[in-house]
Amino acid sequence: MKTKKIIAGMLFIGFCLVSHAQTTNKSKTGDQDNLTKEYFSQIMGVAINTTTSTKLYQFVYDWLGTPYRLGGDSKRGIDCSKFSLAVYENVFNTTIGYNSRNQYDNVTPIRKNDLQAGDLVFFKIRSKSITHVGVYLGDDKFAHASSSKGVMVSSLNEAYWQRYYYNGGRPKKDEDRVMTADVSNYKEDNK
């Protein structure tokens, strides 16, 4: 009888310890996630409540300062459409198209006021066609590969971006996508 009580007591203590350890780990993970969100909120200039995907902000942060290179797709140099493609492949595990026009063909248009972190933003810079794309971060900020400064975070409220803003978009479901490479307009696409 005493042996059963001792075993039951040991099992109860073991259960309590395991339960406490799991609660502590969840608390530490939550604290780390909150610190990460706060850090990226400050770096990217977006409100902490919009930093829903720390994976998105981590990816953008890792690429900040990468120089612009037309047709580039690495940390040695990247252009705007390859940057947005890299974000979608690495953060969202999906492919969205290889140039900004093709990417626009693969999104459902979204009004500027309805943009969410991860949506794409498109621009027509001195052209009737889409010539630039970025990834929306929240609070009117977006990440993109600028031809003058490389990968950076800009505000849609800046006069330049307001002037050339065309539309926002959220990728369509896989079965609704048109995945063609329009290489004939590629150089013109990424000026």
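How many residues lie between E6 and E7 in the hairpin that they form? Three residues do, and point 3 comes back to this pair of strands. Here are my notes on the model.

1. **Ground rules.** This is a predicted model, in which local features need pLDDT of at least 70, side-chain atom pairs count only at pLDDT 80 or more, and totals for chains, interfaces and linings use all residues. Residues are numbered from 1 along each chain as its sequence is written, and side-chain values use heavy atoms, with hydrogens and water left out.

2. **Overall make-up.** The protein chain has six helices and eight strands; helices (H or I, at least four residues) and strands (E, at least two) are DSSP runs, numbered from the N terminus. Read from that end, the order of elements is α-α-β-β-α-α-β-β-β-β-β-α-β-α. Of the chain's 191 residues, 40% count as buried, where buried means under 20% relative accessible area, exposed over 50%, and partly exposed in between (1.4 Å probe, protein chains only). Take the contacts (heavy atoms within 4.5 Å) between residues at least 6 apart in sequence: 54% of them join residues at least 24 apart.

3. Strand E6 (residues 141-146) and strand E7 (residues 150-155) run antiparallel and are joined by six bridges; two strands pair if DSSP finds at least two bridges between them. Within this pairing, Ala145 stands opposite Val151 in E7. Asp139 sits in the loop between strand E5 (132-138) and E6, and its 37% relative accessibility makes it partly exposed. From Asp139 to Leu156 the C-alpha distance is 9.0 Å, with 17 residues of separation in sequence.

4. **Helices H2 and H3.** The axes of helix H2 (residues 54-63) and helix H3 (residues 80-91) come within 10 Å and cross at roughly 140 degrees. Axes here are lines fitted to C-alpha atoms, for helices over the stretch in contact, and angles run from 0 to 180 degrees between N-to-C directions. H2 and H3 are therefore oblique to each other, since angles under 35 degrees count as roughly parallel, over 145 as roughly antiparallel, 65 to 115 as roughly perpendicular and the rest as oblique. On the H2 side, the contact is made by Lys55, Leu56, Phe59, Val60 and Trp63, and on the H3 side by Phe83, Ala86, Val87, Asn90 and Val91.

5. **Ser84.** Also have a look at Ser84, which is in helix H3. Ser84 is buried, with a relative accessible area of 0%. Leaving aside residues up to four places away in sequence, Ser84 touches Ile96, Gln103, Leu120, Val133 and Val135.

6. **Salt bridges.** There are two in the structure, a salt bridge being a side-chain nitrogen of Lys or Arg within 4 Å of a carboxyl oxygen of Asp or Glu. One links Asp119 to Arg170, with the closest N and O atoms 2.8 Å apart. Asp119 lies in the loop between strand E3 (107-110) and strand E4 (120-123) and Arg170 in strand E8 (residues 165-171), so the pair ties together parts that are 51 residues apart in sequence. Asp119 is buried at 3% relative accessibility, while Arg170 is partly exposed at 27%. The other bridge joins Arg111 and Asp114, whose closest N and O atoms are 3.2 Å apart. Here Arg111 counts as exposed at 57% relative accessibility, and Asp114 as partly exposed at 37%.
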